[in-house]
Amino acid sequence: MRLVQLLLSEAHRESALSILNDGAYDDLELVTTSVEFVVVSGSAPPDVTVVFYRPVSASYPTLASDLAAPIREPTDRDVNVRVEFVDVQRFDAAG
């Protein structure tokens with residue numbers, strides 16, 4: 001079961017990073033990722049949380065489902081994916 005934990009931990013981080021290469025998610029910046037699960041027969045699917053910075057007016061309604069398949073793939077286990085956003089408003093002075 002430790003191998004499943006390691007694969008899942010790596011998969012969710014890699015998935016979160018790779019989604020940033022998709023043109024639809026160019027404005028996102030990865031903040032943090034975490035996985036919570038209990039490794040016992042019949043336990044609930046692991047909970048994966050991914051936090052991104054995003055522009056104030058941006059909306060990404062399918063991001064959680066877009067992350068779920070690549071996270072699930074290496075372990076062949078269902079996962080619950082929760083995406084949290086930190087809204088960022090930015091002004092960059094011309095230098």
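1. Surface. The protein chain exposes about 6,200 Å². Carbon and sulfur atoms supply 48% of that area. The model is a predicted one. Of the 95 residues in the chain, 28% count as buried.

2. Overall layout. Two helices and three strands make up the secondary structure of the protein chain. Read from the N terminus, the order is α-β-β-α-β. Now look at the contacts with a separation of 6 or more. Residues 24 or more positions apart account for 61% of them.

3. The core. Which residues of the largest nonpolar core touch the most other members? They are Val50, Phe52, Leu63 and Leu67, out of 16 residues in that core. Helix H1 (2-19), strand E2, helix H2 (63-72) and strand E3 each give two or more residues to this core. In soluble globular proteins, nonpolar side chains tend to be buried together.

4. Val50. Take one of the core residues and list its partners. Leaving aside neighbours within four places in sequence, Val50 is in contact with Ala16, Leu30, Thr32, Thr33, Leu67, Arg82, Val83 and Glu84. Leu67 on that list is itself among the core residues that touch the most other members.

5. Ala16. This residue sits in helix H1. Is Ala16 buried or exposed? Its relative accessible area is 0%, so Ala16 is buried. Beyond its neighbours within four places in sequence, Ala16 is in contact with Leu30, Thr33, Val50, Phe52 and Leu67. Ala16 and Thr32 are 16 residues apart along the chain, and their C-alpha atoms are separated by 9.2 Å.

6. Thr49. Strand E2 holds Thr49. Buried means under 20% relative accessible area. Thr49 has 18% relative accessibility, so Thr49 counts as buried. With residues up to four places away in sequence not counted, Thr49 touches Thr32, Thr33, Ser34, Arg82 and Glu84. Compare this list with that of Val50, which also includes Thr32, Thr33, Arg82 and Glu84.

7. Salt bridges. How many salt bridges does a search of the whole structure find? The search finds three. Each is described in turn below.

8. Arg54 and Asp87. The side chains of these two residues meet in a salt bridge, at 2.5 Å from N to O. Arg54 lies in strand E2 and Asp87 in strand E3, so the pair ties together parts that are 33 residues apart in sequence. Arg54 is buried, with a relative accessible area of 18%. Asp87 is partly exposed, with a relative accessible area of 43%.

9. Arg72 and Asp78. Here, too, the side chains meet in a salt bridge, and the N to O distance is 2.9 Å. Arg72 has 32% relative accessibility, so Arg72 counts as partly exposed.

10. Arg82 and Glu84. In this salt bridge the closest N and O atoms are 2.8 Å apart. Glu84 counts as partly exposed, at 29% relative accessibility. Arg82 counts as exposed, at 52%.

11. Asn80. This residue lies in strand E3, which covers residues 80-88. Asn80 has 36% relative accessibility, so Asn80 counts as partly exposed. Which residues does Asn80 touch, not counting those up to four places away in sequence? The list is Pro45, Pro46, Asp47 and Val48. With Pro45 there is a further detail: the side chain of Asn80 reaches the backbone oxygen of Pro45 at 3.5 Å. Asn80 and Glu36 are 44 residues apart in sequence, and 9.9 Å apart in space from C-alpha to C-alpha.

12. Which residues make the nonpolar surface patch of about 210 Å²? Val31, Tyr53 and Val86 make it. Tyr53 belongs to strand E2, residues 47-55. With a relative accessible area of 33%, Tyr53 is partly exposed.

Note on methods:
Residues numbered from 1 in each chain as written. Predicted model: local features only at pLDDT ≥ 70, side-chain atom pairs only at ≥ 80, totals over all residues. Heavy atoms only, no water. Patch = residues over 30% accessible without salt bridge, like charges linked within 9 Å, V, L, I, M, F, W, Y side chains within 5 Å. Areas by Shrake-Rupley, 256 points an atom, 1.4 Å probe, with all protein chains shown as cover. Salt bridge = Lys/Arg side-chain N within 4 Å of Asp/Glu carboxyl O. Helix = DSSP H or I, 4+ residues; strand = E, 2+ residues; numbered from the N terminus. Buried < 20%, exposed > 50% of the residue type's maximum accessible area, 1.4 Å probe, protein only. Contact = heavy atoms within 4.5 Å. Polar contact = N/O pair within 3.5 Å; in protein donor to acceptor, adjacent residues only side chain to side chain. Core = buried A, V, L, I, M, F, W, Y, C linked by side-chain atoms within 4.5 Å.
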